[in-house]
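Please consult the sequence and the structure shown below while reading.

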Amino acid sequence: MKRLLPIIVIGLLTGIIVSCSSKKKRDDIITVKYEKPVPQGPISTDNYRESKSFRWLDRDYVWTIERLADDSLPMVKDETGQLFVDNRVHLTISRSDGSVFFNRTFTKASFNSYIDDDFRQTGILEGFVFEKVEGNDVRFACSVSKPQSDEFIPLILAVTRSGEIAITRDTRLDTELEDRADMPSDDDGV
């Protein structure tokens, strides 16, 4: 048995050496290939329409906001070359008897004085919602945003009792937005 032990050990070592040397070495490097997204046809936001009644200056009114994707407006392009259709927003404020107090259509160009060159070129008019009645004004929150992004410029559009408008940039902190009871969530479409 003592004679067989060295032969068995030599046999095992030889088997190990042969089996290790017979494996092919591979030079393959496995990586994830990044493919640049291929732009598709122009993307547009969903059309949206909402109406609600409200009390203003001791009278009843109804506001109606209608957002429409409008391919007659200049399209914007993101960093991948994807085209996006800009929107047109139509705002109507009617009295309780149905007569129209305020009727105007807005595009991103309506807010050019309040946005920078980057948003003029790459942003769309996206959000437009009723905010509140404040004194003699009816206030609407608006935004020009970069499509499919969290970047936006918040604006306030106030309609005065004489039917004039005043636009300002909204400088309130995001935490103050929670106080806006009439502000729809992101799931509401606008």
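Which residues do ring pairs link into a cluster? In this predicted model, the cluster consists of Phe-54, Trp-56, Tyr-61, Trp-63, Phe-101, Phe-106, Phe-111, Phe-128, Phe-130 and Phe-140.

**Aromatic pairs**

A pair of aromatic rings is described by the distance of the centres and the angle of the planes.

| Pair | Distance of centres | Angle of planes | Class |
|---|---|---|---|
| Trp-63 and Phe-130 | 5.5 Å | 10° | stacked |
| Trp-63 and Phe-140 | 6.5 Å | 85° | edge-to-face |

Why is the pair of Trp-63 and Phe-130 classed as stacked? Planes under 30 degrees apart count as stacked, and the planes of Trp-63 and Phe-130 stand at 10°, so this pair is stacked. This pair links distant parts of the chain, since Trp-63 belongs to strand 2 (residues 59–69) and Phe-130 to strand 7 (residues 124–134), 67 residues apart. Both Trp-63 and Phe-130 are buried.

For Trp-63 and Phe-140 the planes are at 85°, so the pair is edge-to-face; an angle over 60 degrees is required for that class. Phe-140 lies in strand 8 (residues 137–145) and Trp-63 in strand 2, so the pair ties together parts that are 77 residues apart in sequence. Phe-140 is buried, as is Trp-63.

A charged residue also meets a ring: Lys-146 lies over the face of Phe-119, at 5.2 Å from the ring centre.

**The nonpolar core**

The largest nonpolar core has 26 residues, and those touching the most other members are Leu-91, Ile-93, Phe-111, Phe-128, Phe-140 and Leu-157. At least two residues of this core come from each of strand 1, strand 2, strand 5, strand 6, strand 7, strand 8 and strand 9 (152–159). Leaving aside residues up to four places away in sequence, the contacts of Phe-140 include Trp-63, Leu-91, Ile-93, Phe-128, Phe-130 and Leu-157.

Strands of a sheet pair through backbone hydrogen bonds, either parallel or antiparallel. In this model, four strands form an open sheet in the order 1-2-5-6, and their pairing is antiparallel. Strand 1 (48–56) and strand 6 (100–106) are the edge strands, each pairing on one side only. From one strand to the next, the twist averages 15°.

How many bridges join strand 2 to strand 5? There are nine bridges between these antiparallel strands, and Thr-64 has Thr-92 in strand 5 as its bridge partner. Strand 5 (residues 87–95) also pairs with strand 6, in the antiparallel sense, over six bridges. Here Thr-92 stands opposite Asn-103 in strand 6, while the bridge partner of His-90 in strand 6 is Thr-105. The hairpin of strand 5 and strand 6 has four residues between the strands, and in this hairpin Gly-98 takes a positive phi near 95°.

**A loop residue**

Is Ala-109 buried or exposed? This residue is located in the loop between strand 6 and helix 2 (117–122). Its relative accessibility is 52%, so Ala-109 counts as exposed, the cut-off being over 50%. From C-alpha to C-alpha, Ala-109 and Leu-73 are 9.9 Å apart in space, although 36 residues apart in sequence.

Definitions and conventions
Residues are numbered from 1 along each chain as its sequence is written. This is a predicted model: local features need pLDDT of at least 70, side-chain atom pairs count only at pLDDT 80 or more; totals for chains, interfaces and linings use all residues. Side-chain values use heavy atoms; hydrogens and water are left out. Rings of Phe, Tyr and Trp (its six-membered ring) pair if their centres lie within 6.5 Å; planes under 30 degrees apart count as stacked, over 60 as edge-to-face and the rest as tilted. Buried means under 20% relative accessible area, exposed over 50%, partly exposed in between (1.4 Å probe, protein chains only). A charge sits over a ring if NZ of Lys or CZ of Arg is within 6 Å of the ring centre and within 35 degrees of the ring normal. Two strands pair if DSSP finds at least two bridges between them. Axes are lines fitted to C-alpha atoms, for helices over the stretch in contact, and angles run from 0 to 180 degrees between N-to-C directions. A nonpolar core is a set of buried Ala, Val, Leu, Ile, Met, Phe, Trp, Tyr and Cys residues joined through side-chain atoms within 4.5 Å. Contact means heavy atoms within 4.5 Å.
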